[in-house]
Amino acid sequence: VTLTGLAQCLQSKGKPDQADSIYSKAMALYNTESLPIDNAYISLCTHFAAHAQSNGNFPKAIRYLQLAVDVEKAKTKNQDTYYKLLQELAILHMRAGNLQQAKAKLDSVDSYYQSTARLDNVTYASLLLDLGRYHQLM
């Protein structure tokens, strides 16, 4: 069982403080043990962000999801993954009330889909729904 898996189990058992501790220990391993910054790290960051968001800690959730976005941007050969994470970060900013940051990220994702002419897929439809949510908040 990975530390991320253990933290998810603790969260599902209603033990968010213990889950937070496990996520923090896992993040510390990357900082102190010089572990490779890879897909496992991105997964850890996204799960930690989801955990923080589910506990109402939007600043922490944004911080960890931003780490995942930054790592994916630096290493990506798959632009779709990067823009999917960026869209998730935009939604998180909307939920936290950071509408300007959300709009900038949504616009970036929209530009990507416009430039790749991939306007007829489910992911683009999801983006349009998120843009609609943004405009409802404005």
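Predicted model: local features only at pLDDT ≥ 70, side-chain atom pairs only at ≥ 80, totals over all residues.
Of the 138 residues of the chain, 37% count as buried.

The secondary structure comprises seven helices and zero strands, giving the pattern α-α-α-α-α-α-α along the sequence. Along the principal axes, the C-alpha atoms fill a box of roughly 40 × 30 × 25 Å. The radius of gyration is 16 Å, which agrees with the value near 14 Å that would apply to a compact globule of 138 residues. Among contacts between residues at least 6 apart in sequence, 46% join residues at least 24 apart.

At the level of individual residues, L3 lies in helix α1, which spans residues 3–12. The relative accessibility of L3 is 33%, and L3 therefore counts as partly exposed, since this class lies between the buried limit of under 20% and the exposed limit of over 50%. When residues up to four places away in sequence are not counted, L3 touches I22, A26 and L29. L3 and L92 are separated by 89 residues in sequence, and the C-alpha to C-alpha distance between L3 and L92 is 24 Å.

Key: Residues numbered from 1 in each chain as written. Heavy atoms only, no water. Helix = DSSP H or I, 4+ residues; strand = E, 2+ residues; numbered from the N terminus. Rg over C-alpha atoms; globule rule 2.2 N^0.38 Å. Buried < 20%, exposed > 50% of the residue type's maximum accessible area, 1.4 Å probe, protein only. Contact = heavy atoms within 4.5 Å.
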